[in-house]
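Let's take a friendly walk through a protein model. Have the sequence and the 3D view ready as you read.

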Amino acid sequence: MPFTGAGVEPEAQSVNVVIVSAPLFTLILLGYLATRLRLLPTSALPGLNTYVLYFAITAMLFQFGSQTPLSNLVNPWTAIVWLAATTIILCLGIFPGLRAGLGWRDASFAGLSTASPNMGFMGILLIVTLLGPAAVGPLMPIMIVDILAVQSIVIALAHRGSRGSPTLALALRGVLANPMLWAIVLGVAWGAGGINMPGVIAETISLLADSATPVALVTIGAVLAREQQRARTGQQSVTRSSIAWLTAVKLVALPAAVWLIGAGAMAAGAPLGGDELTVLTIIAALPTAANTSILAERFGANNAIVASVILASTVLGFITFNTIAAMTLA
């Protein structure tokens, strides 16, 4: 079944994209302003992050995984295109940082900020609203690739050269501790099993899932405000050019790489549909995922760099995302 949105006039589609995305970016702004005005204390952010990561977003992913037909989740070409594109983008993000004098830890997580779009907190709602529930299928494989492959590569590279550091074990432990992965796997398994869920449990999961997007977006804004407050002038002057480069790679190079590799694969005869490539490109155009800041902090990287890229990509992303999405859907 083709996704909705195809065949709509470009001007109307552009307006539709802006109408759908504007409230999401507005919620981020509200979280940012609430924190800057001290209406939302920064001491509350760890609790909000925990709620979003372990309750709300996991419930949303479980729900989508259980409701999405298995046939929509098994096209390996969506994962192949995504992995190829993000590998190239990781190189564009990591190696300039190494040349500029960053260590492997800081450079690796700076690279992650270019290759990890905000697909969990923003992508699901945008894709469903713009293209319909059927379009969620391609999103699940690329989320698994992001968690299993991209984050594992970054964690392993971050520990490169550390004495006695079992990089593979650290990467595997970090991946297996990610509740989003298990939410997807368990949701798909539940849906494939065809088991009816008790009404009380289903309603509880639905309530948690409905809260994921607004709470997550407000939390993103609050985290951005907190990290901006933490950043020092010296850190910003050293990394200003790097932040500009990383932001440009995230907002422009990643969607371009996904589209070019996907279009090339389709031209070569790969069983990748145009609708699937549309979803991949739109997801790639999203701002940097907020959980990259959480990961950077957890593994002791320079979170000021990552948070600055999240802030810049979120602010500029309202323009670049709407432009790329409208062009892709035209």
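Helix 2 contributes the most to the lining of the largest pocket, with 6 residues. Helices here are DSSP runs (H or I, at least four residues), numbered from the N terminus. This is a predicted model, where local features need pLDDT of at least 70, side-chain atom pairs count only at pLDDT 80 or more, and totals for chains, interfaces and linings use all residues. Residues are numbered from 1 along each chain as its sequence is written, and side-chain values use heavy atoms, with hydrogens and water left out.

**The pocket**

A pocket is an open set of points on a 1 Å grid over the protein atoms alone, with protein on both sides within 12 Å along at least five of seven lines, and its lining residues have an atom within 4 Å of a point. Helix 2 (45–67) and helix 12 (291–298) each supply at least two lining residues. Among the lining residues are Leu45, Tyr54, Arg226 and Glu297. By class, the lining has 5 nonpolar, 4 polar and 3 charged residues.

**Helix 12 and what follows**

Which residues of helix 12 are buried? They are Asn291, Thr292, Ser293, Leu295 and Ala296. Buried means under 20% relative accessible area, exposed means over 50%, and partly exposed is in between (1.4 Å probe, protein chains only). After helix 12 comes glycine 300, with a positive phi near 75 degrees. The C-alpha atom of alanine 296 is separated by 8.2 Å from that of aspartate 106, although the two are 190 residues apart along the chain.

**Two residues side by side**

Contact means heavy atoms within 4.5 Å. The contacts in this table leave aside neighbours within four places in sequence.

| Residue | Helix | Relative accessibility | Contacts |
|---|---|---|---|
| Aspartate 106 | helix 4 (residues 104–115) | 23% | Ala301 and Asn302 |
| Serine 211 | helix 9 (residues 199–230) | 15% | Tyr51 and Ala56 |

Aspartate 106 counts as partly exposed because its relative accessibility is 23%, whereas serine 211 is buried because its relative accessible area is 15%.

**A pair of helices**

Two packed helices are described by the angle between their axes and the distance between the axes. The axes of helix 6 (residues 139–158) and helix 8 (residues 179–193) come within 10 Å and cross at roughly 145 degrees. Such axes are lines fitted to C-alpha atoms over the stretch in contact, and angles run from 0 to 180 degrees between N-to-C directions. Helix 6 brings Met140, Met143, Ile144, Ile147 and Leu148 to the contact, and helix 8 brings Met180, Leu181 and Ile184.

Notes: 1 Å grid on protein atoms, 1.4 Å probe; cavity = no way out; pocket = protein on both sides within 12 Å on 5 of 7 lines; lining within 4 Å. Nonpolar A, V, L, I, M, F, W, Y, C, P; charged D, E, K, R; others polar.
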